[in-house]
Amino acid sequence: MSQTCTLRLNSSPADLDQAAALLRAGALVAFPTETVYGLGGDARQGEAVAAIYTAKGRPSFNPLIAHVADIETAQKLVEWSDIAEKLARAFWPGPLTMVLPLRAGHGVSGLVTAGLSTLAVRVPAHPTAQQLLHRVGGPVAAPSANPSGRISPTTAEHVMAGLKGRIAAVVDDGACGVGVESTIVGIDADQVVLLRPGGLAVEEIETLLGQPILTRDAKAKLTAPGQMLSHYAPNASVRLNAETAKDGELFLGFGAYDGDLNLSPNGDLAEAAANLFDYLHQLDARHLPIAVAPIPELGLGLAINDRLRRAAAPRD
């Protein structure tokens, strides 16, 4: 890949104007959302979307999320439903992605959907993402701004460490508040299926709907971003549900299980989610195997454990 100078922009109106102009011109720009930093490319431009795959080294069969500024823009891209309306009014802007059938005349590149007839779409809540998307005036495909399969970025420093020289710019607006990717659900008629746990707790969705949501068969074909088995992985090996570290291991703690770093000494899952990728980056930089303390399988713990299991999965 040819090298380029990666600009470091901020959230000022002038810099956001520049970032939007770069995106409209087909360049790649990383920007913060409330979940993680996304690597943005104009979803309507096939060459821009292809450049995302190239910059990340991402398999072309793994679809991307289209980020939009508001519900009205989403409705121009996908077939809307009563359930989609209910979820959108409750949780957008926010860390929820919905997978819905593409609408005729949507204009989105087929590379975004990886050839599927559905589109993953989200309205992020981060003020800087909102301002940037309004300036672009259309959908921006934006997977996490890191080399494919590696730890997701929650700061501009993480983005630069992985993608400097591969993308046009990064908009630096501090650390992400949620710290894990969005929850993804598929909507088919009156059914809602959990495709990926994330920054919105499943319990909140079920409370809104008044019923449990379905879960996806892990062996099914990929239908949404973030479903690959080995993903979010450090270079070092990862061992889960460890109460202590073995000789030569670093220990990522949680609650009473203290270690080299502790995701949340108080056992706060929201704090743990926000710290997860940053702490994995810090430990991975020390080039030693990583042991991780047990994390409860509830609330945001579902998303944290999902990311950790993928980080620990056997590598090809």
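Helices (H or I, at least four residues) and strands (E, at least two) are DSSP runs, numbered from the N terminus. The views show a predicted model, in which local features need pLDDT of at least 70, side-chain atom pairs count only at pLDDT 80 or more, and totals for chains, interfaces and linings use all residues. Residues are numbered from 1 along each chain as its sequence is written, and side-chain values use heavy atoms, with hydrogens and water left out.

**View A. The cis peptide bond between Trp92 and Pro93.** Omega of this bond is about -10°. Pro93 sits in the loop that runs between helix 4 (82-91) and strand 5 (96-101). Most peptide bonds are trans.

**View B. Arg196 in strand 10 (residues 191-196).** Arg196 is buried because its relative accessibility is 4%, where buried means under 20% relative accessible area, exposed over 50%, and partly exposed in between (1.4 Å probe, protein chains only). A polar atom of the Arg196 side chain lies 2.8 Å from the backbone oxygen of Ser182. Leu133 is 63 residues from Arg196 along the chain, and their C-alpha atoms are separated by 24 Å.

**View C. Asn241 in the loop between strand 12 (238-239) and strand 13 (250-253).** Asn241 is not a glycine, yet its phi is positive, about 55°. Most residues other than glycine have a negative phi. With a relative accessibility of 56%, Asn241 counts as exposed.

**View D. His287 in the loop between helix 9 (269-284) and strand 15 (290-292).** Phi of His287 is also positive, near 60°. His287 counts as exposed because its relative accessibility is 68%.

Definitions and conventions
A polar contact is a pair of N or O atoms within 3.5 Å; within protein, one must be able to donate a hydrogen and the other to accept it, and residues adjacent in sequence count only if both atoms are side-chain atoms.
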